[in-house]
Amino acid sequence: MNKKHTTSTKYETKKRFIQRFTFTVIRLFSYSVVGILILILSFIIIKGIGVINWNFLTSAPAEGMTKGGVFPAIIGTLCLIAGSALLSFPVGIMSGIYMNEYAKKGIIVRFIRVMTNNLSGIPSIVFGLFGMVFFVNKLGFGDSILSGSLTLGLLCLPLVIRTTEEALKAIPDSYREGSRALGATKLQTLRKVILPMANPNILTGLILSLGRVSGETAPILFTCAAYFLPHLPQSIFDQCMALPYHLYVISTSGTDLEAQRPIAYGTALVLIIIVLLINLLANILRRHVGKNIRIN
Amino acid sequence: MNKIEIKDIHFYYGDFHALKNISMNVEPNSVVAFIGPSGCGKTTLLRLINRMNDLIPNTRLSGKILVDGNDIYQKGVAIDRLRKNVGMVFQRPNPFPKSIYENIAYGLRVNGIRNEKFIRQRVEKTLQDAALWEEVKDKLKKSAFELSGGQQQRLCIARAMAISPSVLLMDEPASALDPVATAKIEELVRELKKEYTIVIVTHNMQQAARISDKTAYFYLGEMIEYDKTNIIFTNPAKESTQNYITGRFG
Ligand SMILES: Nc1ncnc2c1ncn2[C@@H]1O[C@H](COP(=O)(O)OP(=O)(O)OP(=O)(O)O)[C@@H](O)[C@H]1O
Ligand SMILES: [Mg+2]
């Protein structure tokens, strides 16, 4: 204790060096992640921005897809997003609520949870195959927005369930007990106390799952996506174009790959913008809905 | 007639025998304090009186608990009505993420009361009874989270009173509070005795001595001694009680 504080022992010097070294490495790695992200984004933006204009966004592909725009693909992707949300949100939210709030914490819930986790590990192309065999052929929906939405909905179902469960789990039991102690039922407690607290997180998870859906190619390959379809779908039993598949098509096949290249970049950029917009929306909604709700 | 009668209670969490053969009576309009070292089963017994332990899976109970002469664990008992009659205040303040007003209105609303005028009256009355009215009357629409810990706990007491219970169960209601807020709660408890029967868990010997009429001392799931508070604190029958209240262990 009577050593001067200004002189360091050998051990202290070494300790500080290791500390500094470790954190420098950690910092470099995390910066490189950001760097890669910026690299990809700026690559697509630089290549694609020149192509995007009003005409590109509002017209159909033309002249063997070497000219024109991506309007039908934008609409198709939006239809698929909406369709899959319509299927997976109600089912997924209900299951999440059931698993966390109602089901007895036992072997059955554990089994369901393991199954949903496995479900989310299945490659999306396998979902595509299943969608084709089951929705397209067996149920006779054909190649259609319906089949595509159902397949995509199945794909993001585990994510929706997990999101809901996690959001509910984050609410301390003291709120449930406080409400039940006042004579409220489980359902009243859920509706009036727990869901309002969990909603911002559930909402964010849901919207992020939409971002995931919007970029999927494999599941719609077999079930919905059209190679080229200049007019818009008229009903849910029609095929549609979709941005990710369109990107694949004009990058790998067609009459003139060189001439199609800029359109491919434009398509990629539009797709990225849609995903970023969705994420932005998630953030705004989260802040807005969660404004008065804080868990202390 | 006794307000609460506890008869030959045994309670298990899974295989763990948490309460062993407990019997006691609580008279109406009295304050009973539960004391004893941590883990001796005070909270467990308290939560049996409004059936909050029903929410914990894998538990088992034998014996009887009567409130106002009715067996509350009988088949067909309306649990929501029981909880309306037997209110509870928890150890940590747990107001809902709602306005101060809505926190108190909540218990009324979930019990089917729609009359807004009546609700407003109850909000004012219970906030006054909980000695909180003066501090919050201008910000009833503000979030309850903006209150201090002590104010939040008094809000929770008001919330429990709003549905007009006749019994209040309090689990260390002042343990998270500073001495000033604690004094307010204690004063409140003495005041509330006129209208309610109160069972309160506390780790604070002086507090038990100050506010309760009778005190029960628990140790390892058993009730060692239950008697008038001044007897427990001046001349307990059991050595174990004596050791505990004089701070020789626990
Ligand atoms: N949910 C539970 N599951 C299993 N065991 C529990 C549970 N709650 C309490 N116990 C056990 O039951 C015993 C009594 O717990 P209880 O909470 O009633 O004690 P307490 O007297 O209130 O203690 P404290 O003064 O620390 O609050 C303890 O040994 C505890 O470990
Ligand atoms: Mg306790």
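What relative accessibility does Asp8(B) have, and what does it count as?

Mentor: Asp8(B) comes out at 46% relative accessibility, so it counts as partly exposed, a class lying between buried (under 20% relative accessible area) and exposed (over 50%), with a 1.4 Å probe and protein chains only. Keep in mind that the model is predicted: local features need pLDDT of at least 70, side-chain atom pairs need 80 or more, and totals for chains, interfaces and linings use all residues. Residues are numbered from 1 along each chain, chains are lettered from A and ligands numbered from 1 as written, and side-chain values use heavy atoms, without hydrogens or water.

Now, where are we? Asp8(B) sits in strand β1 of chain B, which covers residues 4-13; strands are DSSP runs of E, at least two residues long, and helices are runs of H or I, at least four, numbered from the N terminus. The backbone is worth a look too: phi of Asp8(B) is near 50°, a positive value, and this residue isn't a glycine. Most residues other than glycine have a negative phi.

Glu172(B) belongs to the loop of chain B between β7 (167-171) and α7 (179-192), whereas Asp8(B) is in a strand.
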